[in-house]
Amino acid sequence: MLQYKSQSIAKPYFIAAIGLFVGQILFGLVMGLQYVWGDFLFPEIPFNVARMVHTNLLIVWLLFGFMGAAYFLVPEEAERELHSPMLAWALFWIFLLAGALTILGYLLVPYAQLAELTMNDLLPTMGREFLEQPTITKLGIAVVVVGFLYNIGVTILAGRKTVVNLVMLTGLLGLAVFWLFAFYNPENLVKDKYYWWWVVHLWVEGVWELIMGAMLAFVLIKVTGVDREVIEKWLYVIIALALISGIIGTGHHYFWIGAPDYWQWWGSVFSAMEPIPFFVMTVFAFNMVNRRRREHPNRAAVLWALGTAVMAFLGAGVWGFLHTLAPVNYYTHGTQLTAAHGHMSFYGAYVMIVLTIISYAMPILRGQEAANGRAQVVEMWSFWLMTVSMVFITLFLTGAGVLQIWMQRYTDTPSPFMVVQEKIEMFYWLRELAGLVFLIGLIVYVFSFFVKGGERQVAGVADMA
Ligand code: HEM
Ligand code: HEM
Ligand SMILES: [Fe+2]
């Protein structure tokens, strides 16, 4: 069933991604509980440690997902075997081992001691949100990414050059380039924050959108049979809009860090346009599915593709827009509204696009065109359980955020931070409850890979769309 033997390297990447995803959610639940029961697992797992583990696992498993996606789609698009499957295997183990050691380091050694042990003083890069990794881990990530880019780059350049492959490669190159700013850690706090966003913002609101667009286009070509030329035109429009709005849109993080005033205007105006490419992605996905030329037996993959487009627009587009204008952000900055947006955007865009390609590719990697009917039904249950509970997590955090902004910021008589936190405790309990349902959805998802038999055809969303 696999068109090229070397595509099979995608499988361990996808399995590792799912495994780390489970870990990410467990630590999310630990923190969610610590929000309402401060001593939970103290001193074994302090909140700040759980937070690093939660967010770093997220980033690492998404990177595993992107790499797996590249190893799957690049050979098929280039119409040739991967340049070096051996290298891909070696990098897999290096990345997994470095990742596991880093997480163990966070959990077993106090952070300051970890910094000392890993000789952070030689090139200090630790201690910043999302970039907590020891410098040697950061170097390891850079080495893995360079080896990976070499491998797929040579494959792409030697083979058929499709728009999907070139956009994917450009996105991944951008990912590598902006990673370099993780090594830049100036003493000046304004500069530190300024360039920190070149990793964080220019990843998720820049180059990752290219990766996402390419993955979505690939799956849509496969499951709808719509002409490649049509899909490529959409992809061009999406990535152009993403880059035009997203690059200068970085300014929506420069409002209050001591950067020049003009960023209030530039950041507000350009980031206000950032929802457009996400909206176009939604229209694109539904349009292609409506114009489909074939009924692909993998209905679950079609559901994931449409779901990604909708949820990315909601999480990034709508919840991003809510707080992106400077006069609004003045009140909302760094509140639970930010966390609400962070959760739904990361889930809707990047978690779901990785699960989309896994849904499409995994059955093929296991020698079938699509999973059996019963397994697909179970997988679709997991889609709804995870997606609906993420909507609730977002709504509860938004509720908490609005009250927090109201009592602590948008008032002439602001209450102290902790006083407000106690008043909005109910929302944190509800968030934890929704998180538990999310975990159940994830368990159902993992279980779906083991469901056997059932030749029954699955009625998919495509029939309704
Ligand atoms: C998939 C794409 C996106 C992802 C994954 C994402 C993720 C995040 C995360 C995690 C944060 C919190 C960062 C921190 O720790 O301070 C954040 C902040 C922010 N995001 Fe997004 N975002 C995305 C797209 C957008 C878009 C399209 C907009 C605007 C329309 C937007 C507007 C903002 C703003 C204004 C902040 C700062 C919030 C504050 O001041 O506290 N984001 N985003
Ligand atoms: C795929 C699902 C999830 C994704 C993509 C995700 C993503 C994130 C991100 C990006 C942050 C940093 C947010 C920021 O700085 O604004 C974060 C923090 C956090 N997450 Fe999650 N998360 C997920 C699931 C969960 C679940 C199920 C729970 C627990 C019920 C949870 C609890 C938390 C908590 C408590 C924080 C810390 C917030 C803070 O510092 O105040 N997450 N998560
Ligand atoms: Fe941003």
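Predicted model: local features only at pLDDT ≥ 70, side-chain atom pairs only at ≥ 80, totals over all residues.
A residue belongs to the shell around a ligand here if one of its heavy atoms lies within 4 Å of that ligand.

Let's start with ligand 1. How many residues surround ligand 1? The count is 26. The closest are Glu 129, His 333, Gly 334, Thr 338 and His 341. Where does the shell come from? Four helices, α7 (189-224), α10 (275-290), α11 (299-322) and α13, each supply at least two residues. Helix α13 gives the most, with seven residues. By class, the shell around ligand 1 has ten nonpolar, 13 polar and three charged residues.

Now the polar contacts of ligand 1. Glu 129 puts a polar side-chain atom 2.6 Å from an oxygen atom of ligand 1.

Next, the iron. Which protein residue is the donor to the iron atom of ligand 1? The single donor from the protein is His 341, through NE2, 2.0 Å away. His 341 sits in helix α13. There is also an iron ion, ligand 3, and 4.4 Å separate it from the iron atom of ligand 1.

On to ligand 2. This one is surrounded by 24 residues. The closest are Tyr 35, Arg 51, His 54, Glu 129 and His 343. Tyr 35 has a polar side-chain atom 2.4 Å from an oxygen atom of ligand 2. For His 343, a side-chain N or O atom is 2.8 Å from a nitrogen atom of the ligand. The elements giving two or more residues to this shell are α1 (10-36), α2 (47-78), α13 (336-365), α14 (373-409) and α16 (425-448). The largest share, eight residues, comes from α1. By class, the shell around ligand 2 has 13 nonpolar, seven polar and four charged residues.

Last stop: Thr 335. It is found in the loop between α12 (326-332) and α13. Is Thr 335 buried or exposed? Thr 335 counts as buried because its relative accessible area is 4%, and the cut-off is under 20%. Leaving aside neighbours within four places in sequence, Thr 335 is in contact with Gln 404, Ile 405 and Arg 409.

Key:
Residues numbered from 1 in each chain as written. Chains lettered and ligands numbered in written order. Heavy atoms only, no water. Polar contact = N/O pair within 3.5 Å; in protein donor to acceptor, adjacent residues only side chain to side chain. Nonpolar A, V, L, I, M, F, W, Y, C, P; charged D, E, K, R; others polar. Donors = N, O, S within 2.8 Å, 3.2 Å for Na, K, Ca; no water. Buried < 20%, exposed > 50% of the residue type's maximum accessible area, 1.4 Å probe, protein only. Contact = heavy atoms within 4.5 Å.
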